[in-house]
Structures are given as C-alpha cells and as structure tokens.
Amino acid sequence: MSGSVRAGMPPWRPGTRDAMEYDREGPQPPTARGPLSAAVGAYLLGSGPLPCPEVVAAAPAYGDDLQLALYQCYELHYRGFAGVSPGIEWDPGLLRTRAALEHRFLSALRADTQVHDSVEEAVGELLVEPVDGKGVSDFLRDEGELWHLREYAAQRSLYHLKEADPHAWVLPRLWGRAKAAMAAVEFDEYGGGRPERVHARLFADLMTDLGLDTTYGRHLDAASAECLATVNMMSLFGLHRALRGALVGHFAAVEITSSPGSRRLAEAMRRTGAGPAAQHFYDEHVEADAVHEQIVRHEVIGGLLEQEPHLAADVVFGIDATGYVEERFGTRLLADWRAGRSSLRTPLSGLPRVPRETSHIP
C-alpha cells in the first residue's frame, strides 16, 4: 500500500490508473441508516474512511445501522453494488471492520438465544406444530390482505432472490454423507439443472404476480433491521468454517419448518387472489421441503455429527438462533400490521397505501 494513502482509506480511487474495474450492474448502494452504514458505504465508493472500533462497539447489535453496515460487507461476496470495485471484497481494512461488526452481532446472538440441551430436543420441538399458531404465516393465511403479502414478499426478497446461496458456502466444509446430502438439497434449490425452476427465479415470478419490482436488492432500503438480521445471520454462519455446525443447524430449522409454513402461505396467496406464480412458489416448497426435511435431519445433521460429534452444541445454537431472529422479525411485522401501519421503512411503488395517519412511513 502506498504511503500516501491515508489510514483507513481504500488503496484505490475512481479514475486512477491502478483502479480496478467497477461493477456497472448490480444493486444500487443503500441509503445509510447511521454513522456505521454511512462510513462503510463511503469506503466502498472510495470517498471516506472506515468507522473506528469504538463506534462499532457502541452500536446496538440488532439496530438498523449495524445490520445495514454488516449487510453491505456481506453483499460484496454475492453480487456487490453498482459503482463498487469487486476487488474490495478482500480489502484488509474492510475485513477488520466486518470482523468487529460480526463480533458485536454474534456475541449478542449467543447471549440472547435460549438453547436446547441437545440436538434431539431442538429438532423435536421444530417437528411439533402448535395447535393454535399465532405466527406471521398464520396471520397471512387467516386475515392478511394483499398489501401485507406484498410487504412480506418485498422484505423476504433480500434472501429469496439469492435463495440457497448462503447455504452453499458450507459445502467445502463438509464431507461424506453430510456433503452428499447437502449437495442434493442444494441441487433441488437451484432447480435441478433447469433455470426456470431455480427457486430464486420462482420467487421473482411470485413478486411479479404481486406487482413488485424484481430487481435484485431493490427493496433493501425498505427492509427492517429485523429482516436484515435474518439474512445476515445466514451469511455469518456460511462464511465462517468455524460456524459450519451453526449453519447446518440453521439450515435444518429452515427446512423442517418450511413445509407447514409454506402451506399456510400458499393458502394466503389463493385466498387473496395473488396469482398463480405466487401460489406456485409456496406449493413447490410444501412438497420439496417435506422431502428435504428428512434428508437434512438424517443425512446432513446425522452425517456431520457422525464425523464431528463435538459440533453438536453448534448445531443446537444454529437451530435456536434461527428461531430467535425469526421471532424478532415476526414480532415486528405483526406489531405493525395489527396497528394498521406498514412494516416497511420506505413505501413500495404500486402498493395500496395504508392510511397516512397510521403509517410510520415518512
């Protein structure tokens, strides 16, 4: 690094001879939500220094600012942002900042997640459907309106438009039964070799039925901090080999609970007349994830713990942390919706607006 480069600034600048090629496509950089996300965003564009460690340490772990800053760091490993150099993905200074953000987030998750005593107990609880469910999918099935479904799809698009990608990071960290089974499930998620059946493509079709912009990353500014945390946790687990057990636990929680939840969401889509592609996405998951659940339980978890039994506590943590962040997201959605206001930070174009006096959207 040249001695003329200020500390904390990236070693490249737009317009210089040694500047790397910049992404011309990809999502637009998001609007900052505080000093952390503003500093990270400026650094990615070569226009400012990274935040100091004290600012990271003082930020609320689940707050908008830290979660968006972390999301920006992680997105460089997926499709990046328009106007940002692909080369900054492995920038040492940015990686140090990302590590500090991750430490703040992961420490909070470990402190706040109530964990089961064993994998068997954690998985067993996932397999029990509540008689009188009060979750988001129950609300959407029984009383949700089209605008609720649109908001839900817009926020979930941050994951579903890259569905299965965070989980693919774990494949090089597995072997034997666990690797083979995980690869088989991922193959289904990626459409079994047919591009029109890739689950991310099916979700984009769902969004089209709901009148939503399907551009990757389009709804990042609208998404709540609680939504960002659910996506960030996947990337956190997936990008660290030390957390491979937690990623497997997370994946198990998703697959085991997906089929009944998808059934309720498919019913919601039918009841509200959302459209055939919107119905199909969840109908597909009812069938596929019922099979995946068996594979993940017996082959992915079973294979992993057969070879690395010391990872059992990490698998439990992954299961229970997933439940924790999803419960936080669901609580936020239901609190807003039951109060008659939008759950989004910015409005959706084409979305029937909720009454101005009851919405917190500016």
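Buried means under 20% relative accessible area, exposed means over 50%, and partly exposed lies in between (1.4 Å probe, protein chains only). This is a predicted model, in which local features need pLDDT of at least 70 and side-chain atom pairs count only at pLDDT 80 or more, while totals for chains, interfaces and linings use all residues. Residues are numbered from 1 along each chain as its sequence is written, and side-chain values use heavy atoms, with hydrogens and water left out. The protein has 14 helices and 0 strands, where helices (H or I, at least four residues) and strands (E, at least two) are DSSP runs numbered from the N terminus. Of its 362 residues, 54% are buried.

**Salt bridges**

- The structure holds 23 salt bridges, each being a side-chain nitrogen of Lys or Arg within 4 Å of a carboxyl oxygen of Asp or Glu.
- Arg194 pairs with Glu196 in one of these salt bridges, with the closest N and O atoms 2.9 Å apart.
- Arg194 counts as partly exposed because its relative accessible area is 44%, and Glu196 is partly exposed as well, at 42%.
- Glu306 forms a salt bridge with Arg177, the closest N and O atoms lying 3.3 Å apart.
- This pair links distant parts of the chain, with Glu306 in helix H13 (residues 276-307) and Arg177 in helix H9 (residues 176-189), 129 residues apart.
- Glu306 has 56% relative accessibility and so counts as exposed, whereas Arg177, at 33%, is partly exposed.
- Glu293 and Arg297 form a salt bridge with the closest N and O atoms 2.6 Å apart.
- Both Glu293 and Arg297 lie in helix H13, 4 residues apart, which is about one turn of the helix.
- Glu293 is buried at 12% relative accessibility, and Arg297 is partly exposed at 24%.

**Aromatic contacts**

- The count comes to 7 aromatic pairs; rings of Phe, Tyr and Trp (its six-membered ring) pair if their centres lie within 6.5 Å, and planes under 30 degrees apart count as stacked, over 60 as edge-to-face and the rest as tilted.
- Phe139 and Trp337 form a stacked pair, at 5.6 Å centre to centre with 25° between the planes.
- Phe139 lies in helix H6 (residues 136-142) and Trp337 in helix H14 (residues 312-338), so the pair ties together parts that are 198 residues apart in sequence.
- Phe139 and Trp337 are both buried.
- One aromatic cluster is formed by Tyr62, Phe105 and Tyr324.

**Backbone and buried positions**

- Ala164 has a positive phi, near 80°, in a residue other than glycine.
- Most residues other than glycine have a negative phi.
- Ala164 is found in the loop between helix H7 (146-160) and helix H8 (165-168), and counts as buried because its relative accessibility is 1%.
- Arg33 lies in the segment before helix H1 (35-44) and is buried, with a relative accessible area of 13%.
- Arg33 and Asp64 are 31 residues apart in sequence and 6.2 Å apart in space, C-alpha to C-alpha.
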